[in-house]
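Subject: Structure for you, with notes

Hello,

Here is the structure we talked about. Please open it alongside these notes.

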Amino acid sequence: MSEEYDVIVIGAGPAGENVADRAVRGGLSAAIVEDRLAGGECSYWACIPSKALLRPVELAGEAGRVPGLTLGPIDAAAVLARRDEAVSRYDDSGQVGWIEGLPAAYVRGRGRLDGPRRVRVDTPGGGERVLTARHAVVLATGTTASVPPVPGLREAKPWTSHEVTAATSVPERLVVIGGGVVACEMAQAMHGLGARRTTVLVRGGSLLERMEPFAGELVAASFAASGIDVRTGAEAARVERPVPGGPVTVHLAEGPPLEADELLVATGRRAATAGLGLDSVGLADGPVEVDDSLRVPGLDWLYAVGDVNGRNLLTHMGKYQGRVCGDVIAARAKGEPDDLPSLRASADGFGAPQVVFTDPQVCSVGRTEAAARRDGFRVRAVEYDLASVAGAYLLGDGYRGRAKAVVDEDRRVLLGVTFAGPGTAELLHAATVAVTAEVPLERLWHAVPSFPTVSEVWLRLLEAYGL
């Protein structure tokens, strides 16, 4: 027999959980289907564990910049133990309890579409359940790590973000393939915890290429100072690991091979739609296209939120989309207006806020200068040396950082802001408000930053602009 709910969500990560929460608040019944752990990638193998691993490294960096403080070596075992606490020792009973307390049904198993409004679930032990939705099915399956087609790479069973954040020990020698957020964060985390020979292979010309150029430059300088070897324009040609779990050799397109104890591949993500049954409703595998109400065009009952729709691969944006989506479904189910601004995922279009939790931290919101020019805006950009702000000096000797604001000259509003420097993540939300609310520069001039804080850089950026 088919079990019937108003809303069925496939995927119990943060995005899917938020859909169910808002749908239930709107008076609908909901079920969430998940074949791994309730809480999803972010809770167990991404955001939470990675930040738990990075925090001691960040504190060690801060202590090292303040005269009068001394800090011994980081106790890697203690850090890994705290990581285990942060991920609830991979026990999702608390998350399941939260879902059931909404209340929503939690269905353990692998769900897939089986035609309109119908979800078939393969349950543990070989059983099967069939669920049908009165109003909506929501896909919230996220993404999985991509492994490039380098000969021998997949056979070598490299780490991805999943394995590195769940590591039970720290390798002495680590090679990282990639130059983006995961590569930078985990290279620094593992190096700080004891991977003494850490090499980062970047196919392009710099770290963090999608951000303002100075961001990658500052992170690269920090890596070099700590002994991390960053090689740009480097490409793996072949990988060998003759003994499973043993040393791995990375042969480069140019230069001598590298031998390591572990190899981390951090070269991007792909939508987790394989086996999701998209073909049963006329869709192809890959990111699921949606409109601003998170609904799939042409299918009035199917929605997709979070990484699986490809709009913004960030947990907080997936949660935001989940809130919007749940409210949209509830409004449509009750015949209420569904075209209100609050029922559209408009924040996606401004440029999502993002923090790279390296030391120095890098954070940005909106467009880079290059992106704004590509999009046809008449742009002026201003930069400021964060080390020249009194509040930054007080954080420690040798503080290095930079700030940049990208201005739409026609409307005199901010299109994007980037900060790079120790502790700059806490500056980001003010920038997010300014960018998404399109606050005029003349109004920002009257938002007075406190002295002596790093946030005084706002005043300096506006002065550099000429206000």
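Where is Ser 88 found? Ser 88 sits in the loop between helix 4 (76-86) and helix 5. Helices (H or I, at least four residues) and strands (E, at least two) are DSSP runs, numbered from the N terminus.

Two points on provenance first. This is a predicted model: local features need pLDDT of at least 70, side-chain atom pairs count only at pLDDT 80 or more, and totals for chains, interfaces and linings use all residues. Residues are numbered from 1 along each chain as its sequence is written, and side-chain values use heavy atoms, with hydrogens and water left out.

Backbone

Most residues other than glycine have a negative phi, and most peptide bonds are trans. Some exceptions follow.

- Ser 88 is not a glycine, yet its phi is positive, about 55°. Ser 88 is partly exposed, at 42% relative accessible area. (Buried means under 20% relative accessible area, exposed over 50%, partly exposed in between, with a 1.4 Å probe and protein chains only.)
- Tyr 90 is also in the loop between helix 4 and helix 5. Its phi is positive too, near 60°. Tyr 90 counts as partly exposed, at 27% relative accessibility.
- Glu 438 follows helix 12 and has a positive phi, near 50°.
- Leu 102 and Pro 103 are joined by a cis peptide bond, with omega about 5°. Pro 103 lies in the loop between helix 5 (93-100) and strand 3 (105-108).
- Asp 359 and Pro 360 are joined by a cis peptide bond, with omega about 10°. Pro 360 lies in the loop between strand 17 and strand 18.

Helix 12

Helix 12 covers residues 428-436; Leu 428, Ala 431, Thr 432, Ala 434 and Val 435 are buried there. They cover an arc of only 165° around the axis, so they lie on the same side of helix 12. The arc is that of the directions from the helix axis to the C-beta atoms. These buried residues pack against strand 17 (354-356), strand 18 (361-366), strand 21 (413-421), helix 13 (441-444) and helix 14 (457-465). Contact here means heavy atoms within 4.5 Å.

Cavity

A search of the whole structure finds 1 cavity of 30 Å³ or more. On a 1 Å grid over the protein atoms alone, a cavity is a set of points where a 1.4 Å probe fits but cannot get out; a pocket is an open set with protein on both sides within 12 Å along at least five of seven lines; lining residues have an atom within 4 Å of a point. Grid points are joined across faces, edges and corners, and a volume is the space filled by probe spheres set on the points.

The largest cavity has a volume of about 50 Å³. Its lining divides into 10 nonpolar, no polar and no charged residues. Helix 14 supplies the largest share, 4 residues. Among the lining residues are Trp 458, Leu 461, Leu 462 and Tyr 465. (Ala, Val, Leu, Ile, Met, Phe, Trp, Tyr, Cys and Pro count as nonpolar, Asp, Glu, Lys and Arg as charged, and the others, Gly among them, as polar.)

Of its 25 lining residues, the closest to the centre are Gly 61, Gln 188, Ser 222, Ser 226 and Asp 359. Helix 8 gives the most to the lining, 5 residues. The lining divides into 13 nonpolar, 8 polar and 4 charged residues.

Best wishes
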